[in-house]
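Biologist: I have not looked at this one before. Can you walk me through it?

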Amino acid sequence: MLYQIYETQRSLMEPFADFALAASKLYANPSSPFQKTPLAQRMSAGYDLIYRLGKDYEKPTFGIQTVPVNGVEVAIHERVELNKPFCELRRFKRFSDDPKTLENLKTQPVVLIVAPLSGHYATLLRDTVRSMLSDHKVYITDWKNARLVPLSEGEFHLDDYVNYVQEFIRHLQANYGNCHVVSVCQPTVPVLAAVSLMASRGEQTPLSMTMMGGPIDARKSPTAVNNLASERSFEWFENNVIYRVPGNFPGAGRRVYPGFLQHTGFVAMNPDRHAVNHYDYFKNLIKGDDNSTEAHRKFYDEYNAVLDMDADYYLETIQTVFQDYKLVHGTWDVRSPEGKIERVRPQDISRGALLTIEGELDDISGSGQTRAAHDLCTGLPGKEQRHMEAKGAGHYGIFSGRRWRETVYPAVRAFILEHQTAANRQTAVAPAASKAVDRPAARPSPVAAAPKAAPRTVVKAPAPAAQAAPSAAPAPKRKKGTVAKAVPKARPATPAPASAAPATRWATQAGEAPVAATAAAAPAVQPESETVAATSVTAAPPPARSKNPARSKAA
């Protein structure tokens, strides 16, 4: 009933919001006589504020038309690669007619960004996508509003989320050979589960995982969000926040957690800050500060646009992540699309690398919650586990804004490039090694009579990537004029690239002595920004592996 009441109220308010917008333009238009009246600027600003408070916010667009790649503007074409009932795999395809730029685009790493399904649309990561497009082939999960999904498509569970992620990873691996995964906030948990299940089955896993501000272990440094989820019972959430979609939407009758309730919760976390932001917006309108007012509009156009989540998915997330902590306890079972129940075992992940990122001032995912992934991924070598804390960054600052662009992204880019380069070198060495097969020494001519006492030399065929070692064993003497086939020399082994691990394998804090011995390996690829100001990048402690697209003018 609450959903129906809200929709009725919204429908009644819509004409008044449109009137407020018209009145605001009437008082602001220089050609209007009302603009000459006293207090015209204040009247226009007031009506504009009323309009923004009463309007309905629809799903924004990514709106990324071009991005710079090595100083060259590259055109972006946004398209849907896979269309699932509750999600679209969206690709940002880059086009260029510059041959050098085109070749560069084709060799860049493939990244799957898994956007959160926690109230906001995937466009919340617009800044993340725009930054990564300069150096990567980017795909993103674009989750659908549950009220727009007909009941005929069935329910959506947390298990379905995990299965979607696995399907998307396999799709990219089939097209390119490998990929990297970046998850932001809520999807860190299902992404870790998806990769764990793939590892347990012996499937190829992503070259790297980057997890940012997610509740891997919600028990650590609990925030207001964690406390609400843990203090209320499962039944309380089911009885108080779950409603059916009204009949004027395609998903009529579906049980959902409505977006307007989620938005209310977002605002309730920092009501004073939002009040100040809107008052500042009013004053900036009066002063004519167009830059500040436009920045306000862009932020709240995104922040106020929310979507409904399927009730089963939402309730299972509350129970699995915030109440029973099934991931960290090792008790989480996931049902595959074939109906098979599989246990999530992060310790089975033995290939790839893991980077966790936390914001120093994050008030949604507390300190240590994301870093806990390292304690679970015990199968990964310590040098492949990194942790970063962005100084002065809140929750949104680790994937959007100035701190993301200047501090966090350079570290993410270097991490992905390091492991993509290592994978490329391994791929290049493999064919060369496979050609180094054993070949027998040439036999002497049958017409040649060899003396019994003649010495004999046997050349042992080299093993792949190893020098041939001559032996002192005797060989029959060849008849004059007989030419023996030369045994090819083995090519020296190409040294494996050294890991660009930090100086120590154990995490250290400023002012503390390192706990582990200094690593001697030097980085194979010097990242653009190895040390970033106001940022702590350390290796996380242990607990107690492209098919190029067809040649074209697109990448």
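**Salt bridges, a sheet and cavities**

Modeller: Glu78 is partly exposed, with a relative accessible area of 30%. Keep in mind that this is a predicted model.

Biologist: Which residue does Glu78 form a salt bridge with?

Modeller: Its partner is Arg90, and the closest N and O atoms are 3.1 Å apart. The pair links distant parts of the chain: Glu78 sits in strand 2 (residues 72-83) and Arg90 in strand 3 (residues 87-95), 12 residues apart.

Biologist: Is Arg90 buried or exposed?

Modeller: Arg90 is buried, at a relative accessible area of 12%.

Biologist: Which residues are linked with Glu78 and Arg90 in a network of salt bridges?

Modeller: Lys59, Glu88 and Asp142 are linked with them in that network.

Biologist: How many salt bridges does the structure hold?

Modeller: There are 28. One of them joins the side chains of Arg219 and Asp217, at 2.8 Å from N to O. Arg219 is partly exposed, with a relative accessible area of 42%, while Asp217 counts as buried at 4%.

Biologist: And what about Asp348, which side chain does that one meet in a salt bridge?

Modeller: Asp348 meets Arg345, with an N to O distance of 3.0 Å. Asp348 is partly exposed at 23% relative accessible area, and Arg345 is partly exposed at 36%.

Biologist: Changing topic. What is the strand order in the open sheet of 3 strands?

Modeller: The order is 8-9-10, and the pairing is antiparallel. Strand 8 (243-244) and strand 10 (309-310) are the edge strands, each pairing on one side only.

Biologist: How many bridges join strand 8 to strand 9?

Modeller: 2 bridges do, and strand 9 covers residues 255-257. Arg244 has Arg255 in strand 9 as its bridge partner.

Biologist: What does the lining of the second largest cavity have by class?

Modeller: That lining has 6 nonpolar residues, 1 polar and 1 charged.

How values were computed:
Residues are numbered from 1 along each chain as its sequence is written. This is a predicted model: local features need pLDDT of at least 70, side-chain atom pairs count only at pLDDT 80 or more; totals for chains, interfaces and linings use all residues. Side-chain values use heavy atoms; hydrogens and water are left out. Ala, Val, Leu, Ile, Met, Phe, Trp, Tyr, Cys and Pro count as nonpolar, Asp, Glu, Lys and Arg as charged, and the others, Gly among them, as polar. Two strands pair if DSSP finds at least two bridges between them. Helices (H or I, at least four residues) and strands (E, at least two) are DSSP runs, numbered from the N terminus. A salt bridge is a side-chain nitrogen of Lys or Arg within 4 Å of a carboxyl oxygen of Asp or Glu. Buried means under 20% relative accessible area, exposed over 50%, partly exposed in between (1.4 Å probe, protein chains only).
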